[in-house]
Amino acid sequence: MDIKEEQEFLLRVGDEKFTLPYREAIERVNKKLETINKTYSEKLGRTFISSQSSRIKTPESCLKKMIHKGYDIKEKEAQSRLNDIAGIRVICSFLDDIYRLANLLKEEEDIEIIKIKDYVKKPKASGYQSLHVIALVPIEGTEKRKVEIQIRTQAMNFWAVVEHHFVYKQEDKGKAAFEKDLKECARQIYKIDKKMLLIRKRMEQNYC
Ligand code: 0O2
């Protein structure tokens, strides 16, 4: 491990020069999401996006991922390899809203969807469910940056936040004791999400 190389990487990736373009890309997508939410909440007669939040990945977290993936510890390598330096999380109430939103993002002309990871149809081994949309977003000049938009239901988010804190980010072996129960909870959450969607559809037929 080259400590000097790592320290330099941490400084560069934490520098405003590196992070500013990502902030611009996030701002651009956030604005799009706000417009989409306004239009579709009116159209659907209910809240479309319950909440949205964003973050820039910390230099330490970037470094950890680069080492884990075996990438060269270089700022340019981080920019081209890491999809989630800029991350936006969008929470919807219903399963079908996840795909509705992904399709709406595909229709946006100035952003290019480069990858979709469907952990709703195919959850991760942990039980993690979410739809990840990776978009290439233009910023000033000819520059572009990747933004990972994680779209999930409120129920999926409840699971993911708890699991992220107590298991996903933990290194100790003790976490194995919770994995089975968490997987079972993730399965129950999927069932509940499907049931809530059916109930909503029945209610819509009833009232509309
Ligand atoms: P953090 O701290 O949340 O930022 P890729 O190069 O895109 O193929 P990557 O990024 O490992 O490889 O892809 P993946 O597996 O889709 O994971 C991206 C992000 O999804 C993770 O970022 C987490 O935010 C989330 N995630 C993935 N798996 C799990 C899981 O099992 N549990 C929870 N709670 N979240 C998960 P980071 O950088 O790993 O972490």
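Mentor: Begin with Phe-18 and Tyr-22, which both lie in helix H2, four residues apart, or about one turn of the helix. Keep in mind that the model is predicted.

Trainee: Is Tyr-22 buried or exposed?

Mentor: Buried means under 20% relative accessible area. The relative accessibility of Tyr-22 is 1%, so Tyr-22 counts as buried. Phe-18, at a relative accessible area of 4%, is also buried.

Trainee: What kind of pair do the rings of Tyr-40 and Phe-48 form?

Mentor: Planes under 30 degrees apart count as stacked, over 60 as edge-to-face and the rest as tilted. The ring centres of Tyr-40 and Phe-48 are 5.8 Å apart, and the planes stand at 40 degrees, so the pair is tilted.

Trainee: What is the relative accessible area of Tyr-40?

Mentor: The cut-off for buried is under 20%. Phe-48 counts as buried at 0% relative accessibility. Tyr-40 is buried as well, with a relative accessible area of 18%.

Trainee: Which residues in H5 are met by Leu-33, Ile-36, Tyr-40 and Leu-44 of H2?

Mentor: By class, the contact of H2 with H5 has seven nonpolar, no polar and two charged residues.

Trainee: How are H2 and H5 oriented to each other?

Mentor: Helix H2 (residues 16-44) and helix H5 (residues 95-107) have axes 12 Å apart and pack at an angle of about 130 degrees. Their crossing is right-handed. An angle from 65 to 115 would count as roughly perpendicular and one over 145 as roughly antiparallel. H2 and H5 are therefore oblique.

Technical notes
Residues numbered from 1 in each chain as written. Predicted model: local features only at pLDDT ≥ 70, side-chain atom pairs only at ≥ 80, totals over all residues. Heavy atoms only, no water. Axes fitted to C-alpha atoms, helices over the stretch in contact; angles between N-to-C directions. Helix = DSSP H or I, 4+ residues; strand = E, 2+ residues; numbered from the N terminus. Parallel < 35°, antiparallel > 145°, perpendicular 65-115°, else oblique. Left-handed = near helix turned anticlockwise from the far one by under 90°. Nonpolar A, V, L, I, M, F, W, Y, C, P; charged D, E, K, R; others polar. Buried < 20%, exposed > 50% of the residue type's maximum accessible area, 1.4 Å probe, protein only. Phe/Tyr/Trp six-rings, centres within 6.5 Å; stacked < 30°, edge-to-face > 60°.
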